[in-house]
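The sequence and the structure are shown first, and a description follows.

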Amino acid sequence: MHRIALIALSAVATASLSLGAAAQGTMTGDAIARNIAERPNADPRKGTITFVMQDKGRSRTRAARMLRTETGATHRLLLAFDTPASIRGTSFLSYDHKAASKVDETWLYLPATSRTRRVPASDRADSFMGTELSYGDVKDSFIFGLADWTFSAGGRADNGRYILKGAAKSARIAREIGYGGFTAEVDPATWFPRSITFTDPAGKRLKTISVRKLEKVGASLTATDFTVTNHVTGRATVVTVSGLAKATGADDALFDPARLDRASGRMP
Amino acid sequence: MRLAAALCALAAVLGGTAASAQTIDGALALAVDEDGLAKANLLIEPETTIALGSGIEAVMSLRIEAAGSRTGTGARSGFSPISAPLVKGDDVRIEMDEFYLAIPAGALEFRLGKQEIAWGSIDGARVVDTVSPARLTEGLARDPRPDRIAIWAARMQAIIGRVDLDFVFAPDPTVNQLAETGAAFFPQAPRFLAGLQPAGPLPPIIREDRGNLIGDATIGARLSYRLDATDLRVSVVRGIDQDGIPVFDGRQIELRHPRRHTIGLEFVRQFGGVVGRLEAAWTPDARFVVAGSMGAEVAQVDRVVGGIGADFSGPLGTYVNVQLIADHVASDRPLVRPRTDVISTLRVQKDFDDNRHALRAEWLNSLTDTDGLVRLELVRRIDDRFAIFLGGDIFYGSRRGIFGQFSERTRVLSGVRFSF
């Protein structure tokens, strides 16, 4: 059954790719980025996200319950960490506004302080809970902020994927997001980037995100297996999402910053 | 005590029958100052969270503390009868920390039992954050700061669109926990001792009786409104003064805890890469000891405390928090405290080496008394369970000041923190 589904999905993807190639062979970078940003992402979904941080043969694991949804023009992500014990109870909430004029919002609840704090946008470049992902990587959901980047198209890769390039719109934005530019391979069947290589604000190759597996809930795709490799430090973080499912009962109250203090217990 | 034992037994039964998660956090800390070993402290905090279905959770935690040094475990007189430690030895103390049921019901959530209530937006300073009392057994050199004490309370939170409502009724007159008389961090500044300037032994210090659970209850309401990148909050708290008014009757100092009302305002906004915070509280019936009265006279005054702060990313990947806090009393008569206290705070943190190391530097500075505290700490995380730390607290300035009163308590700290 699973194999049949995969074959069917593959056939659909191939057909879409062929049609896409014919119809959209000369897509601009802005058009590709817009397609990525407008990718269906609204279905409420839940799962357990696990970060395995690898460094010179050693590894550490962090796991959190995840809840995603999209309301109106805002994508919302809630992570509630369960392991290890040292970070249990820590919760992360982000509102990613599609409108470029609205500032994205991020909150962090730390049990040690018993308070929920807004995280400054300038912290987007900071490491997320010690992983190779930044706060920005976690909340962006594989979407490139239209206000952050100047896009250009780089043609097609041998596998048919679009090459999308981005350059940070300003030095300030580059500092905030921690990246000066990127090159991504974008699957035109799903408008999901399958690999992204970022450079730091000085233009030096910094890290690569490789997506191995996507899963669908409703019309929304989630990367359920990907690796972030830091080329400077040699460290990597393998991210997997298990138990991905439609989140029934995920009401608005769960995504209220006032309810971050016991988020794990409230999640459906 | 019987109630506590019954609750513990209930917790054990629940823990054995429902899905639960347990953690044990703690720390072993040693400190030396110019007089030798200043602090030897072991803190173990086991916690159990039990899911009872439909989002209902029971949270239970203990606080087991052992100390064998001049810092000690703190005075017991701050605890109300219903929050008294289960074991109250001089060197070993066991407290029921949190013990509550959280009951979500759609847009409402009820929380019943012993719990921490954390309001306010400014870090470290309790401007609006006056519902839960705090441990002050090491002055302001505690982690976390404020180190809140859980109190028995019924709390209801409601979400109505962009508005959050929070109501608290806490019939638990526990007040701030001070160091024991004679301990390293027992207050020495005249403002905390009814204006007396200790040159020799202090007179006995006692606490006013606080056995009236309803009359001395803390009642609070907070309304929060969130719009785009802005939070606006208004709060009202009626409860006893948790700091205590030190009144000298010629024989002893009595810490009195009169009722007072506080109206608070908070404003938090994200300005691009900076989060700005503003917090203010007005207490129309604050009380302070009148100077020149030999500590016997208390004046009722208007008190306004305001704080402004910002968080942002600093150079070299640092996290920076900077704040300015002013505490003003409007009084025609001279008081044993300054008319206006102004304190600046600066905290810089950096994680490095894949979060294996963290460096934290903090500077608390009183512009009024020109005294202060510099705190430094280097943490090495061994793994996800253990972290070792080395640091120091440097107190400086006038002995009349909030920080300078401990200028002989400058210390080097080291220890291990653990989580299982």
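Which residues of helix α2 of chain A are buried? In this predicted model, local features need pLDDT of at least 70, side-chain atom pairs count only at pLDDT 80 or more, and totals for chains, interfaces and linings use all residues. Residues are numbered from 1 along each chain as its sequence is written, while chains are lettered from A and ligands numbered from 1 in the order in which they are written.

**Helix α2 of chain A**

In α2(A), residues 29-37, the buried residues are A:G29, A:I32, A:A33 and A:I36 (buried: 20 or more other C-beta atoms, placed from the backbone, within 10 Å of the residue's own; helices are DSSP runs of H or I with at least four residues, strands runs of E with at least two, numbered from the N terminus). They lie on the same side of α2(A), because they cover an arc of only 95° around the axis, taken from the directions from the helix axis to the C-beta atoms.

**The contact between the chains**

Contact joins 34 residues of chain B to 29 residues of chain A (C-beta atoms, placed from the backbone, within 7 Å). On the side of chain B that touches chain A, β19(B) supplies the largest share, three residues.

**A sheet in chain B**

Three strands of chain B form an open sheet with mixed pairing, in the order β8-β7-β11 (strands pair if DSSP finds at least two bridges between them). β8(B) (147-148) and β11(B) (177-178) stand at the edges, each with a single partner strand, so one side of each is left without a neighbour in the sheet. Strand β7(B), residues 134-140, pairs with β8(B) in the antiparallel sense over two bridges; B:R135 has B:D147 of β8(B) as its bridge partner.

How values were computed. Contact = placed C-beta atoms within 7 Å. Buried ≥ 20, exposed ≤ 12 C-beta atoms within 10 Å, placed from the backbone.
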